[in-house]
Amino acid sequence: MREKEVLRRIRKYVHPYRITKGKGFRLKDFDPADTAGLQMDKGEARELLQRGTSWLAEEQQMLYAQDRWSLLLVFQAMDAAGKDSTIKHVMSGVNPQGCQVSSFKQPTSEDLDHDFMWRYVRRLPERGRIGIFNRSYYEEVLVVRVHPEILQRQKLPPALVGKTLWDERLADIARFEDYATRQGTKILKFFLHVSRKEQKKRFMDRLDEPEKNWKFSASDVKEREFWNDYMEAFEDTIKATSSKHAPWYVVPADNKWFTRLIVAAAIVEAVADLGLAYPKVDAAKKKELAAARVALSRER
């Protein structure tokens with residue numbers, strides 16, 4: 001199948017979940033169990049994903065060789081939505097030397113002595129590399145909004161903490177992403193949209209299966225009490241920060257095979273649109289290569 005035809009088919013499945021304008025966006029319009037009418041067994045899904053990861057691996061080599069663009073992949077979700085496994089499967093074919101994963105936990109005292117974006121900006125990918133944020137600066141308008149006590153630890157001057165704080169932070173993030181894009185960083189943001197029912201099922205699996213016990217934390221259940229608050233925060237966030245240059249993808253996450261396919265397809269499409277290519281060798285370099293060939297051929 002020709003590359004253009006593959007991309008056309010990719011867009012057909014990816015674009016319904018791609019948000020480039022926040023106006024009119026409603027999270028309830030997206031079904032976490034949606035599979036876009038696709039019906040396939042795990043073997044078929046695995047084979048299709050493998051094709052996508054192979055394509056991505058080739059694009060990554062050109063990204064690195066060209067050394068102009070960088071790619072930032074942002075993953076946000078409720079617990080047990082499958083962020084870790086999605087990253088693992090989708091990026092399985094990528095050269096680890098050209099990819100860096102950053103997982104942001106509770107801020108350190110040093111982090112708290114700086115602005116809310118400081119620790120994230122420091123982990124942006126270099127040119128030619130892929131950066132993955134497993135949770136990101138969006139936590140500052142999600143979990144910090146749902147739990148105001150976290151905001152208190154950020155030591156902001158009281159005069160700056162008002163009713164417009166969250167709108168201001170969202171505007172700051174949108175402007176930052178605009179800036180980063182103009183510096184050559186392609187940004188894709190994925191909200192893995194899992195249902196409350198499916199999350200409960202996955203939590204029960206973690207409790208029932210000994211090999212999954214380590215994944216479970218009592219705080220995971222506690223956070224379910226704030227489900228509606230989180231959904232409201234996610235909706236407001238996506239509304240305020242969706243753009244053509246830094247789109248959100250609201251990816252159905254109740255079926256992991258479909259989640260992985262959509263994420264892989266979205267990345268492949270975005271990277272293909274960059275028009276990457278291996279650097280062309282000029283006349284001087286060709287002469288240098290020819291001389292090296294001659295020297296090597298004379299060795300005994």
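**Figure 1. Strand β5, wrapped up on both sides.** Strand β5 (residues 185-193) is largely enclosed by the rest of the structure, because nine of its nine residues are buried. Buried here means under 20% relative accessible area, exposed means over 50%, and partly exposed is whatever falls in between, using a 1.4 Å probe and protein chains only. Helices (H or I, at least four residues) and strands (E, at least two) are DSSP runs, numbered from the N terminus. This is a predicted model, so local features need pLDDT of at least 70 and side-chain atom pairs count only at pLDDT 80 or more, while totals for chains, interfaces and linings use all residues. Residues are numbered from 1 along each chain as its sequence is written, and side-chain values use heavy atoms, with hydrogens and water left out. Back to the strand: T185, I187, K189, F191 and H193 point one way from β5, K186, L188, F190 and L192 point the other way, and all are buried.

**Figure 2. The neighbours of β5.** Strand β2 (residues 70-77) pairs with β5 in the parallel sense, over eight bridges. Two strands count as paired if DSSP finds at least two bridges between them. One spot to look for is L71, whose bridge partner in β5 is K186. β5 also pairs with strand β6 (residues 248-252), again in the parallel sense, over five bridges. In that pairing, F190 stands opposite Y249 in β6.

**Figure 3. Strand β4, another covered strand.** Five of the five residues of β4 are buried, so β4 is largely enclosed by the rest of the structure. Which residues sit on each face of β4? I130, I132 and N134 are on one side, G131 and F133 are on the other, and all are buried. Five bridges join β4 to β2, and the two strands run parallel. L71 shows up here too, standing opposite I130 in β4. Strand β3 (residues 99-103) pairs with β4 in the parallel sense over five bridges, and S103 stands opposite N134.

Figure 4. The structure holds 14 aromatic pairs. Rings of Phe, Tyr and Trp (its six-membered ring) pair if their centres lie within 6.5 Å; planes under 30 degrees apart count as stacked, over 60 as edge-to-face, and the rest as tilted. F75 and F190 make a stacked pair, at 5.2 Å centre to centre with 20 degrees between the planes. Since F75 lies in strand β2 and F190 in strand β5, this pair ties together parts that are 115 residues apart in sequence. Both F75 and F190 are buried. F133 and Y137, on the other hand, pair edge-to-face, at 6.4 Å centre to centre and 85 degrees between the planes. F133 and Y137 are both buried as well.

**Figure 5. An arginine over a ring.** R169 lies over the face of F116, at 4.5 Å from the ring centre. A charge sits over a ring if NZ of Lys or CZ of Arg is within 6 Å of the ring centre and within 35 degrees of the ring normal.

**Figure 6. Two non-glycines with positive phi.** A36 has a positive phi of about 55 degrees, although it is not a glycine. Look for A36 in the loop between β1 (18-19) and α2 (42-66). R135 isn't a glycine either, and its phi is positive too, at about 75 degrees. R135 is found in the loop between β4 (130-134) and α6 (143-146). Is each site buried or partly exposed? A36 is partly exposed, with a relative accessible area of 33%, whereas R135 is buried at 18%.

**Figure 7. G93 and its contacts.** G93 is in the loop between α3 (83-90) and β3, and counts as partly exposed at 37% relative accessibility. Which residues does G93 touch, leaving aside its neighbours within four places in sequence? G93 is in contact with T53 and A57, contact meaning heavy atoms within 4.5 Å. The C-alpha atoms of G93 and A57 are separated by 5.6 Å, although the two residues are 36 residues apart along the chain.

**Figure 8. Helix α13, hardly covered.** Helix α13 (residues 283-298) has 16 residues and reaches 23 Å from its first C-alpha to its last, close to the 22 Å expected at 1.5 Å a residue. That expected span is 1.5 Å times one less than the number of residues. Among its 16 residues, the count of buried residues is zero.
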